[in-house]
Amino acid sequence: LDHVIVVGERHLLRLARQHVAYYNEDRPHMSLDRDAPVARAVQPPSAGRIVALPRVGGLHYRYSRAA
């Protein structure tokens, strides 16, 4: 979050909630064999093209298959 200019308390709280969600749902953890604490199902290549979904105001991305 060092790359974000916080404009108020509500903005900071929203960024903190988004970062916690990113950390638990999207970010790979080495101790979990490159999985996130909230595991996702593996999507087969036939599920569609890969799209980038911005997280934490565009600082990070989650890659998923578009239907």
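**A histidine in a loop, and the chain around it**

I would like to begin with H29, which is found in the loop between helix 1 (9–25) and strand 1 (50–55); helices (H or I, at least four residues) and strands (E, at least two) are DSSP runs, numbered from the N terminus. What we are looking at is a predicted model, in which local features need pLDDT of at least 70 and side-chain atom pairs count only at pLDDT 80 or more, while totals for chains, interfaces and linings use all residues. Residues are numbered from 1 along each chain as its sequence is written, and side-chain values use heavy atoms, with hydrogens and water left out.

Is H29 buried or exposed? With a relative accessible area of 9%, H29 is buried, where buried means under 20% relative accessible area, exposed over 50%, and partly exposed in between, with a 1.4 Å probe and protein chains only. If we leave aside residues up to four places away in sequence, H29 touches Y23, R34, D35, A36 and P37, a contact being heavy atoms within 4.5 Å.

Turning to the whole protein, we find one helix and two strands, which follow the pattern α-β-β along the sequence. Buried residues make up 15% of the 67 residues, and among contacts between residues at least 6 apart in sequence, 18% join residues at least 24 apart.

As for overall dimensions, the C-alpha trace spans about 45 × 30 × 15 Å along its principal axes.
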